[in-house]
Amino acid sequence: YDQYAYMKCIPMEQREKYRDLLALASKSHDFGKVAIADKILKKPGRFDDLERSIMKGHTCFGAQIFTPANSPLDEMCLNINLHHHDWYNGDSKGYPGNYPYMNLEPDSPLPEYNENYQTLKGNDIPLEARIASLADVYDALCHIRCYKPAWTKEDTIEEIKKARGTQFDPDLVDAFMAIKDYI
């Protein structure tokens, strides 16, 4: 298996720059959480439906920080913030899809999908967001959260395998599995 097959969409001469931008931009993936009230952000236990919908807005608020995108780094940060929770198969569990993110106000819930607000899927989700999505889930599962204990590395890897082609880009999961022992 060619673990770098997914990179074929990036010309060889741009791959090092892409990798370096990705290393910086991925750190911004949850910047939008600064707009989420602490009573939700720091709540122990599970969110109710309204709290979950408000929390989903962090994707839009993060993208707002980088709009307008004035550099390749800004553009990558915008894409990662906005789309790192979109699902590869376009399932409605992913968000925010094509929602007009500049319209979301603080403390407002992310609206439910409708005919004007559709999910994204496959290569419509920017590559950097698909990569950040997988890394974010791996990190979240392997670490303690106020609502769950840390998972073992083995259980986390099995969960990522199960989400291959649904939540995650199958080529990226294959690349991840090829390097999992180095993580």
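Reply: A residue is called buried when its relative accessible area is under 20%. By that rule L127, E128, A129, R130, A132, S133, L134, D136, Y138, A140, L141 and C142 are the buried residues of helix 6. The model is a predicted one.

Me: What makes helix 6 count as largely enclosed?

Reply: Twelve of its 16 residues are buried, and helix 6 is therefore largely enclosed by the rest of the structure. The cover over these buried residues includes helix 1, helix 5, helix 7 and helix 8.

Me: How does the span of helix 6 compare with the expected one?

Reply: From first C-alpha to last, helix 6 reaches 23 Å over its 16 residues.

Me: Why is helix 5 described as mostly covered?

Reply: Helix 5 spans residues 72–83, and nine of its twelve residues fall under the 20% limit for buried. They are D74, M76, C77, L78, N79, I80, N81, L82 and H83. Helix 1 (15–25), helix 4 (58–65) and helix 6 are included in what covers them. The reach of helix 5 is 16 Å, close to the 16 Å expected.

Me: How do you know that N79 is buried?

Reply: The relative accessibility of N79 is 14%. N79 lies in helix 5.

Me: What makes the pairing of N79 with E128 a polar contact?

Reply: The two side chains approach to 2.8 Å, and the cut-off for a polar contact between N or O atoms is 3.5 Å. The pair therefore qualifies as a polar contact. Leaving aside neighbours within four places in sequence, N79 is in contact with H84, P126, E128 and A129.

Me: Is T67 buried, partly exposed or exposed, and why?

Reply: T67 has a relative accessible area of 26%. Buried requires under 20% and exposed over 50%, so T67 is partly exposed. T67 is found in the loop between helix 4 and helix 5.

Me: Which polar contacts involve the side chain of T67?

Reply: The side chain of T67 is joined to that of Y101 by a polar contact of 2.7 Å. A polar atom of the T67 side chain also lies 2.8 Å from the backbone oxygen of A63. Both distances are within the 3.5 Å cut-off. Apart from neighbours within four places in sequence, T67 is in contact with L78, Y101 and M102.

Me: What makes the bond between T67 and P68 a cis peptide bond?

Reply: Its omega is about 0°, and the bond is cis. P68 belongs to the loop between helix 4 and helix 5. The bond from Y95 to P96 is also cis, with omega near 5°, and P96 lies in the loop between helix 5 and helix 6. Most peptide bonds are trans. T67 and P96 stand 29 residues apart in sequence and 16 Å apart in space, C-alpha to C-alpha.

Me: Why is the phi of D107 worth a remark?

Reply: Phi of D107 is near 70°, a positive value in a residue other than glycine. Most residues other than glycine have a negative phi. D107 is found in the loop between helix 5 and helix 6.

Me: Why is D169 called buried?

Reply: D169 has 5% relative accessibility, and the limit is under 20%, so D169 counts as buried. D169 lies in the loop between helix 7 (153–162) and helix 8 (170–179). A polar atom of the D169 side chain lies 2.8 Å from the backbone nitrogen of D171. Beyond neighbours within four places in sequence, D169 is in contact with Y88 and R130.

Me: What is known of the largest pocket and its lining?

Reply: The largest pocket has a volume of about 1,200 Å³. It is lined by 30 residues, of which R46, H85, Y95, A140 and Y147 are the closest to its centre. Helix 3 (49–56), helix 6 (127–142) and helix 7 each give two or more residues to the lining. Helix 6 gives the most, with five residues.

Technical notes:
Residues numbered from 1 in each chain as written. Predicted model: local features only at pLDDT ≥ 70, side-chain atom pairs only at ≥ 80, totals over all residues. Heavy atoms only, no water. Helix = DSSP H or I, 4+ residues; strand = E, 2+ residues; numbered from the N terminus. Buried < 20%, exposed > 50% of the residue type's maximum accessible area, 1.4 Å probe, protein only. Polar contact = N/O pair within 3.5 Å; in protein donor to acceptor, adjacent residues only side chain to side chain. Contact = heavy atoms within 4.5 Å. 1 Å grid on protein atoms, 1.4 Å probe; cavity = no way out; pocket = protein on both sides within 12 Å on 5 of 7 lines; lining within 4 Å. Points joined across faces, edges and corners; volume = space filled by probe spheres on them. Expected span 1.5 Å × (residues − 1).
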